[in-house]
Amino acid sequence: MAWYRLAAQAWSFRSDTQREVLIRQIAAQLGELQGRWLHLRVTTRPYPVHMWAESFDHNALGRMPDVAGALGWDGFLEGEQRHLMGLSMSDKEVFLGIEVSGRNALDRWVDMAAPVLGRIAPAAVRAELAALASEVGHLDALVAGSGLDAVPATADDIGWLMHRSCALGLPAPRTLSVVPGGVTRWDTEDLAQFTDGVEMHQEPYAPTVRVVGRIRSQTVARNVAVLSVGLMEGLRIPEIDDPWMQHSDRLPFPVEWSARIYVRRPEDVTGELQRQMGKVRSQIRHYTHDHDLDPPMSLARQADRVLEIEDELTSGLTQLNSRLYGWWRIAVSGKDEAEAISRAQQVLDVYRPKVQIEHPEAQYSYAREFIPGEPLASTAYRRRGSVTWAAAAVPAATASVGDRRGIMIGETCTATRRPVAWDPWLAQEVRRASGLTAIVGGLGSGKSFLTGLVVYKTLRAGARWTVLDPSGPLAELTRLPELAPFSRHINLLRADPGILNPYRVVAEPRPEHFADEEDAERAWRRERSLAGATRRRLVLDVLSGLLPYDVARLPHTRIVLLRAVREVGGASDRHPGMVIDALRRHAREGEDHAGVVADFLDERRELPQAALLFPDTSRHDPWQADRDYRLTVLTMQGMTLPRPGSPREEWTDSESLAVELLNLASWLTQRTIYDADRNTRKGVALDETHFLSQVPTGKVLIDRLARDSRKFNVRALFASQLAGDLLRVSGFASLVNAVFVGRTDDGEAQNDALRLLKVPIGVGYEQMLGTLSPRPRHDDRPDDTPRQFVFADGHGGVEKIRIDLEAPHLEHVREALDTNPDASRVSLRGPASPFVPAAVRAPDEPPPARPVPGPPTGVSLDVAEFGDEGGIGDFEADFAELDDPDGLLAEPAPSAPPRAVPRAAPTGRERPAGDPHDEATNGNGVRHAGRHDQGAYAAELLDDEEFDLLGDVDQGLDPDDGPDHDRAAHPPGHRNGSGPVPDDDVRASGRVVR
């Protein structure tokens, strides 16, 4: 047999049409193998953690030095390996053995006599070898096509297959050094190293077979249960059902498959069909002629099926209509017989009710079937069908996404579970694609957490990042001990004036960036002109955004601004104040509207945050750093952005300014791309990018980042709540490389997210986006489970993954990236302020006078003079009426005092009046609760019956009685029928005052 290794086939997130094409391609290849025996083997290999670690370490170029006392590179890499090994994940490996030519007794005799015949008739021997080589070459070309995508198995592949077959059910070693370097073939004598040291035996009538072997000088034993595929109902693949061999991938333990298949010749099938049709006709004639009875419907169905198969064989493509028969075996193992039987039962359950799984006897013989070259154990449970039915099993279907050299970001959570590694710079450096990445998801979907994970792990591997996070959680990364010496955090709203100068945020092109161009000088000058034009357009958009909406929409406003911006020019040493000066000059020359625009801009210039646009001309560029930072996080805490989706005319002045500042901050972020060496691995992460799509220059920024990401080796992360905001940018969908889509509930947003993923729309994937990161409805615990995303890696892989940052060595990173609010984390500085309950007064007691704080010692107060017509009291009254037009904050009228709810009878735990611990006095003379009286102020825990849920009056209180009746029945300072009430008890009462 010639053995081949099949490539993994993606099944998730493909349309039914694409899946049908895959099945038809596999069926056509199987149909070409008529008259041959096939041996299909599906096994697993542990994920090669050591190979990934070597690739990751070799790919970590220019990583930062270790910091004393912090997590170093060696500790980080070791922790990643230990965590990955603890997950116990494996890769599916599928092998296909194809019979090269039938060997009869004469052929075997000639093969044994080959050494003698080679001397007697060397030409005949060479001719047979040439014929075999030609046939093997034909098979190589046949199975290499789309569908099976098979390649010839190497000596290492065959060694692994033999080991997993002879030691069936034993734990798979993570490394298997059975093939010395340079060995390309196996001889018959070499097979002993797989069979020696492994024993396989079965007790009479036992439901499992016992396999004993040695792994790393340790004896290991497993019980193996071998199952066989039985009857099947009509499976609708791919419309409803998944590939039937893929069902076993859902189980939490490894499953081995072995299938012996014979692809039948058309003439053999035709003869058998004629015999079957003759049997059916004879039975029908027996009913109708001999007994004068109507034949059963089952005979009619059999006759129709025979005619249908005969029609398929005589018309259409011969390859797709070929027939086959075979035996499909399944093997599961356990530490003992009970565990093996339990796992076998799980296999039965996962295939019910459409596929029947049988548990035959003679387990030893069935287990030997898994070894290549061993004969068929029994012809029982033979299945017949078309090559299309066999191809619908799609044995190589698995989760395939990511690469084998990047950072570990999580694991797949579909039918197949495997680690997901992603190198953000593989697309630019190897595949010559863009580095544009979209991260989309609703609130709480984990966008910030995912961004922080990618930034942290790639920083450790040598990348440089600039992050714009307006809300600020990612700034915690700059405080991690291993990153702090190489990081800086800039709150742009508190930065130096002019840090967001529109003329400075656009980088000046450097001549060395164009050394690879044919005409470097011309390319550099063209880029300088483009940078100047970008600055002018950016200034025009920013100043227009600062104007009131009604003024900015006037055509005349655009004209006067455009004239002033053109007059100032696009050099990097300009600033918006020069544009306002130009408007003033135009106003003096007779352009009245220019003066109006200048007045509005001067008014906006007085806003505190507007100083970020206007630099201090006596200072240098505030963006320049005193040293080279690996991580720069820009935040804008306190900035008020408009509600997403709100129209421009509804924005307030501060919201309009915030959008323009966010746009400028985004341009400032991308400036780092052009300041560093173009070959250095760089990253840019932008949050709240949905506002960029509403600003013309924001769209220009996104387009520029997408086009320059490959040339300058940049990975650009754009985070947004809605995919439609990014799709509004022309060409974004065609330029985007990788996409992460988190939980999305809205139907329109789901369609847009699928367009970003390049996944078919309207086939049912929309609802799946709403089930990502399921949230329990009846669980009041914090939802801190790892978030799920649909990840498209940019080169064909699309899978649902679970983000993983659960490794013990990254616990401090996980805490830093946790953005979930938790009141228990609040640490109070100094002693906590005591709780002072509101004083309970009698209905006729006047309210106490409010204390008027006096001026601190040594401070004099300047008293404003308001003239003769009104004093300070009248001035305060006017403002009181403006602040509280409905009188909600006014003091209650003395004629309608509040009525106190009678207090319940005291308990034995109440202290007598005069307890020295009841009250304490602070330094300002204000009384507060003592430390032994805190329980008195805590909320009382009452039974459900004690709550006044329906608003009924309390027992013993007549609703018709007024305040006077209350005072007469329960005078102040007395209990209800129990004598006087201490004042402290009244003060400490937890009852509510109505």
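Which residues lie nearest the centre of the largest cavity? Of the 14 residues that line this cavity, L30, L40, I261, A390 and P395 lie nearest its centre. The structure is a predicted model, in which local features need pLDDT of at least 70 and side-chain atom pairs count only at pLDDT 80 or more, while totals for chains, interfaces and linings use all residues. Residues are numbered from 1 along each chain as its sequence is written, and side-chain values use heavy atoms, with hydrogens and water left out.

**The largest cavity**
- A cavity is a set of points, on a 1 Å grid over the protein atoms alone, where a 1.4 Å probe fits but cannot get out, and its lining residues have an atom within 4 Å of a point.
- The largest cavity holds about 150 Å³ of space, where a volume is the space filled by probe spheres set on the grid points, which are joined across faces, edges and corners.
- The lining residues divide into 14 nonpolar, no polar and no charged, with Ala, Val, Leu, Ile, Met, Phe, Trp, Tyr, Cys and Pro counted as nonpolar, Asp, Glu, Lys and Arg as charged, and the others, Gly among them, as polar.

**The open sheet**
- An open sheet of mixed pairing is formed by 11 strands in the order β13-β12-β22-β21-β20-β14-β19-β18-β15-β17-β16; strands are DSSP runs of E with at least two residues, numbered from the N terminus, and two of them pair if DSSP finds at least two bridges between them.
- Because β13 (419-422) and β16 (487-491) stand at the edges, each with a single partner strand, one side of each is left without a neighbour in the sheet.
- Strand β12 (residues 407-412) runs antiparallel to β13 and is joined to it by 4 bridges, and I407 stands opposite W422 in β13.

How values were computed
1 Å grid on protein atoms, 1.4 Å probe; cavity = no way out; pocket = protein on both sides within 12 Å on 5 of 7 lines; lining within 4 Å.
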